Amino acid sequence: MGIFDRFKNKASRDRAKDMSDTAERKINEKTGNKYEGQVDSAQQKAEGQLGMDRDRPDRP
């Protein structure tokens with residue numbers, strides 16, 4: 001794996017996290033934050049399945 005692959009992979013992960021946060025915000029806006037806990041739980045579960053666990057630091 002070359003250095004450019006590392007940057008590309010990190011950029012992809014960062015973009016995916018941004019998209020996930022945006023989706024969470026939009027859903028919470030549409031529902032008036034009524035299901036905020038469930039939405040957050042679903043987001044964390046989906047990100048975990050995709051290997052985007054926010055509790056673990058990113059690996060180079």
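How many helices and how many strands does the secondary structure of the protein come to? In this predicted model, in which residues are numbered from 1 along each chain as its sequence is written, local features need pLDDT of at least 70 and side-chain atom pairs count only at pLDDT 80 or more, whereas totals for chains, interfaces and linings use all residues. Side-chain values use heavy atoms, with hydrogens and water left out. The secondary structure comes to 2 helices and 0 strands, where helices (H or I, at least four residues) and strands (E, at least two) are DSSP runs numbered from the N terminus.

Of the 60 residues in the protein, 13% are buried, a term that stands for under 20% relative accessible area, with exposed meaning over 50% and partly exposed in between (1.4 Å probe, protein chains only). The accessible surface of the protein is about 5200 Å², and carbon and sulfur atoms account for 52% of this surface; the areas come from the Shrake-Rupley method with a 1.4 Å probe, and for residues only the protein chains shown count as cover.

Helix 1 spans residues 3-31 and contains both Asp14 and Lys10, which lie 4 residues apart, about one turn of the helix. The side chains of Asp14 and Lys10 form a salt bridge at 3.3 Å, N to O, the term denoting a side-chain nitrogen of Lys or Arg within 4 Å of a carboxyl oxygen of Asp or Glu. A search of the whole structure finds 1 salt bridge. Asp14 is partly exposed, with a relative accessible area of 31%, and Lys10 is likewise partly exposed, with a value of 37%.

Helix 2, made up of residues 36-49, has 14 residues and reaches 20 Å from its first C-alpha to its last, close to the 20 Å expected at 1.5 Å a residue, the expected span being 1.5 Å times one less than the number of residues. Val39, Gln43 and Glu47 are buried in helix 2. Seen down the axis of helix 2, these buried residues fall within an arc of 65 degrees and so line one face of the helix, the arc being that of the directions from the helix axis to the C-beta atoms. On the other side of helix 2, Gly37, Gln38, Gln44, Lys45 and Gln49 are exposed.

Glu24, found in helix 1, is buried, with a relative accessible area of 16%. Apart from its neighbours within four places in sequence, Glu24 is in contact (heavy atoms within 4.5 Å) with Val39, Asp40 and Gln43. Glu24 and Gln43 are separated by 19 residues in sequence and by 7.2 Å in space, C-alpha to C-alpha. Asp21, also in helix 1, counts as partly exposed at 22% relative accessibility, and Asp21 and Asp40 are 19 residues apart in sequence and 9.5 Å apart in space, C-alpha to C-alpha.

Asn33, in the loop between helix 1 and helix 2, has a positive phi of about 60 degrees although it is not a glycine, and at 43% relative accessibility Asn33 counts as partly exposed. Gly51, which follows helix 2, has a positive phi near 75 degrees.
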